[in-house]
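Please walk me through this model.

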Amino acid sequence: MTTHPETGDDAGVYRTLLESTQAIPWRIDWASARFTYIGPQIERVLGWPQDSWKTVEDWAMRIHAEDRQKTVDFCVSQSQQGTDHEADYRALTADGDYVWIRDVVHVIRRADGAVDCLVGFMFDISERKRAEDKILQLQKELEALSYRDPLTGIANRRMFDRILDVEWGKARALGAPLSLVMVDIDYFKQYNDRYGHPQGDACLKEVARVLDRAAARTRDLCARLGGEEFALVLPATDEAAALAVAARCARRLAQAALPHAGSAVADIVTCSMGVATIVPGSQDQPAGLVEVADTRLYRAKAAGRNRIAGSAG
């Protein structure tokens, strides 16, 4: 720092200004890799005494082990290239905790172009990181909600489409069967007309619960496609096993015994189901499986409802 006679000891003024900021100023001599200065704020932020910052090694070893190598490698390579840079990392505190630090580094060169020293500022960005993490968590929660039917809590049409595509790819790669069960609540309009929409919503929730529990394996998916229509995606499931799952759904719904005085087929809530199975080939598409299952669902409804239709009728 330069001292000008007309203004007094500017070096002292500049030091006072530097050491009164929240940022932590520092300087490293390139040739010796030693700190020639670090601000006293370092002790308040990290707990390490100011005079304990002697070499670059001290800095490196006070970086969280998970961040250390990539941070050191990045900063060294950028400095060797003479490029100013920034690095975010977790710095270890003297009491064993860590603080998120943003290091802003400026490369100072001599007249011949060689690196003379590095100067910079460390900023405590822990509060900012916590805010960013909270935002990321909220984004994840919102994304999860965007795949959930708000009424029943099971997967929605968007999730159904996504999972069907994923399982289709797996089934085609492995040469494995993939089954789909399309489900429709029988005479649901009449249910709403008789019991009212709030009770209709309660009915949808209960049917969703029954179907979701009947498709119990980890990769099985129960989704509400809209209105009173549901679907079960059953990976690695042949038609016989898929028909058994559909029969289990019908049996458990009968056990739930939800009254339905407006039904023309039973005095309780029932469902019609269409079952389709495929081992996908290279020319097949998921929409084809959905179309077949839909066709069989409407066959079941046309045959009198409260029944399951597969390839054999």
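Reader: What should I know about the model before starting?
Author: This is a predicted model, where local features need pLDDT of at least 70, side-chain atom pairs count only at pLDDT 80 or more, and totals for chains, interfaces and linings use all residues. Residues are numbered from 1 along each chain as its sequence is written, and side-chain values use heavy atoms, leaving out hydrogens and water.

Reader: How many disulfides are there?
Author: A disulfide is a pair of cysteine sulfur atoms within 2.5 Å. The sulfur of C75 has its closest cysteine sulfur in C117, 15 Å away, which is too far for a bond. By this rule the count is 0 disulfides.

Reader: Is C117 buried or exposed?
Author: Buried means under 20% relative accessible area, exposed means over 50%, and partly exposed lies in between (1.4 Å probe, protein chains only). The relative accessibility of C117 is 3%. So C117 counts as buried.

Reader: At what angle do helices α8 and α9 pack?
Author: Helices (H or I, at least four residues) and strands (E, at least two) are DSSP runs, numbered from the N terminus. Axes are lines fitted to C-alpha atoms, for helices over the stretch in contact, and angles run from 0 to 180 degrees between N-to-C directions. Helix α8 spans residues 197–214 and helix α9 spans residues 239–256, with axes 9 Å apart. Their packing angle is about 140 degrees.

Reader: Which term describes α8 relative to α9?
Author: Angles under 35 degrees count as roughly parallel, over 145 as roughly antiparallel, 65 to 115 as roughly perpendicular and the rest as oblique. The angle here is about 140 degrees. That makes α8, relative to α9, oblique.

Reader: How many nonpolar residues does the contact of α8 with α9 have?
Author: Contact means heavy atoms within 4.5 Å. Residues in this contact include V207 and L211 of α8 and V245 and L253 of α9. Ala, Val, Leu, Ile, Met, Phe, Trp, Tyr, Cys and Pro count as nonpolar, Asp, Glu, Lys and Arg as charged, and the others, Gly among them, as polar. The contact has no polar and 4 charged residues, and the nonpolar ones number 8.

Reader: How are α6 and α10 placed relative to each other?
Author: Helix α6 covers residues 157–174 and helix α10 covers residues 286–302. Their axes come within 10 Å and cross at roughly 115 degrees. The two helices are therefore roughly perpendicular.

Reader: Which residues of α10 make the contact with α6?
Author: On the α6 side, the contact is made by F160, L164, D165 and W168. By class it has 6 nonpolar, no polar and 1 charged residues. The α10 side consists of P286, L289 and V290.

Reader: What is the phi of A257?
Author: Most residues other than glycine have a negative phi. A257 lies in the loop between α9 and β9 (271–278). It is not a glycine, yet its phi is positive, at about 50 degrees.

Reader: Where is A236?
Author: A236 is not a glycine, and its positive phi is about 50 degrees. Its place is in the loop between β8 (229–235) and α9.

Reader: Beyond its neighbours within four places in sequence, what is G47 in contact with?
Author: G47 is in the loop between α2 (41–46) and α3 (56–61). At 33% relative accessibility, G47 counts as partly exposed. Leaving aside those neighbours, its contacts are I42 and A94.
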